[in-house]
Amino acid sequence: MKHEVFISYQTESLDYVEKLCSFLEKNSIKCWYGKRDISYNHAAEIPMAIERAKVFLLIVDNNVAVQPRPDILNELHLACERVKDGQMSMIPICITNEEYKHSELRYHVGRMQKVFLTNEDFANGKRSLLGAIRNLLGCKVDELPSTAECRHSNEYFNFKDEQEKNRLHVQKDLLHNYDWDVYENALIGKERLAVLDVGCNEGYDIMDKFGDRPEVSYILGIDINEDAVDSAQTKYGAENVYFRVINVEDSEFSDNLSDIMEELQLESFDLINVSMLLLHLKEPNKLLKKLRKFLKKGGMLVVRDIDDSLTFVCPDTNDDFSHAIQICNRDDYAGYRHSGKEVYGMLIDAGFKEVRLVKKGLDSSGLTKNQKLDMFDIYFSFIYEDTRQLYNNNPENRIREDDFNWIKGHYEQLRERITCSNVLYQLGVVTYTAVR
């Protein structure tokens, strides 16, 4: 993997380095550090990694400030030679207030401007450090993809993309049992329920859940994609089953939904379902506040979303799966990949009560080989297709090129490894319930 930043540190600061590296790589700056990236030969690989980097980050903790180990001084010496030759830039990052006490450390970096960024200051200071590194790398704004730290609107479904349609059908089948009991419990003792499905796509998910349930009398599915809605209406439309086109991020959403409900003679809903939609919205909190008004008092809202902080594969040789997940976090089409953990707070702020995180993580334990492959495909197959399209749209962007080439070179190997009997794969799907 190509890298631009070399991180020099002592073992005591490993947790800090991992946090820093994760932040930088989510913002498309690729890093190298020993614990993760040395594969076999410490003495040969470190000089090579320094030679290939453009920026050298020296993490100065108490130990480095007072008595750095010989390997740190060796790395520092190699980097300073490149700095003198104009081939590299260096930033000492001080995570301690301890002054430089070691003579060789003072000689090499004593006159360099320090960046003070302790664990306590990290959240507030990380963006400033990111800007400084970007400037040193000469990054242009248009080279930097959207990151997992930012929500943005994304009309994510292309009806003509048969591969994506198939992926979503597989996802529906695989998730069928994941939170089935949540919907079952919502129907206990109920009758003549009116259900709203927000982001219904082609309707197969909501019809799978409620299409033949005697407790449900009305189903309305809404989606921004006209072709998907037409398909749903053609396949499932019937008396008291309707699908309509509506943009949930439109400022007139409430009025538009009210008009549809008036047309269908619906006053409110007993259950509102929002599945895998919030991650694709710029301001999902606004939608949740609006939806609450259409829910009957005592009615239930069910939200299914994604959070990649819960997604993992173990064992993960060479952190290949972790790298693929990082690429997903840079995917403009994949939505905000840490949306799930924010849903709880948004539901509280929107005025919902009895907010519960009822499901957290779908894992591969107990699945057959084919089910594991399906589980792999619903996450990793879209990354392959998205990186290909993003690269084709902007072939001059080096980050897009690197991401696509890496996924293309590793995809089949990753797919094979996921089926190994000792591998556990968890997909960060979360499900919440809330009551008006």
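A search of the whole structure finds 23 salt bridges, a salt bridge being a side-chain nitrogen of Lys or Arg within 4 Å of a carboxyl oxygen of Asp or Glu. The structure also holds 16 aromatic pairs, and its largest pocket has a volume of about 1300 Å³. Please keep in mind that this is a predicted model, in which local features need pLDDT of at least 70 and side-chain atom pairs count only at pLDDT 80 or more, while totals for chains, interfaces and linings use all residues. Residues are numbered from 1 along each chain as its sequence is written, and side-chain values use heavy atoms, with hydrogens and water left out.

**Salt bridges**

- K114 and E99 meet through their side chains in a salt bridge of 3.9 Å, N to O.
- K114 sits in the loop between α6 (103-109) and β5 (115-116) and E99 in the loop between β4 (89-94) and α6, so this pair ties together parts that are 15 residues apart in sequence; helices (H or I, at least four residues) and strands (E, at least two) are DSSP runs, numbered from the N terminus.
- K114 is partly exposed at a relative accessible area of 24%, whereas E99 is exposed at 52%; buried means under 20% relative accessible area, exposed over 50%, and partly exposed in between (1.4 Å probe, protein chains only).
- D179 forms a salt bridge with R304, and their closest N and O atoms are 2.8 Å apart.
- This pair links distant parts of the chain, with D179 in the loop between α8 (162-175) and α9 (180-187) and R304 in strand β10 (residues 295-306), 125 residues apart.
- D179 is buried, with a relative accessible area of 1%, and R304 is buried too, at 3%.
- In the salt bridge between D205 and K209, the closest N and O atoms are 2.8 Å apart.
- D205 and K209 are separated by about one helical turn, because they are 4 residues apart in helix α10 (residues 204-210).
- Both D205 and K209 are buried.

**Aromatic rings**

- Y9 and Y33 form an edge-to-face aromatic pair, 6.1 Å centre to centre with 70 degrees between the planes; rings of Phe, Tyr and Trp (its six-membered ring) pair if their centres lie within 6.5 Å, and planes under 30 degrees apart count as stacked, over 60 as edge-to-face and the rest as tilted.
- Y9 lies in the loop between β1 (5-8) and α1 (14-26) and Y33 in the loop between β2 (31-32) and α2 (34-37), so the pair ties together parts that are 24 residues apart in sequence.
- Y9 and Y33 are both buried.
- One aromatic cluster is formed by F321, F376, Y379, F380, F382, Y384, Y391, F404, Y411 and Y425.

**Charges over rings**

- K19 lies over the face of F122, at 4.6 Å from the ring centre; a charge sits over a ring if NZ of Lys or CZ of Arg is within 6 Å of the ring centre and within 35 degrees of the ring normal.
- K209, the salt-bridge partner of D205, lies over the face of Y183, at 4.8 Å from the ring centre.

Key
1 Å grid on protein atoms, 1.4 Å probe; cavity = no way out; pocket = protein on both sides within 12 Å on 5 of 7 lines; lining within 4 Å. Points joined across faces, edges and corners; volume = space filled by probe spheres on them.
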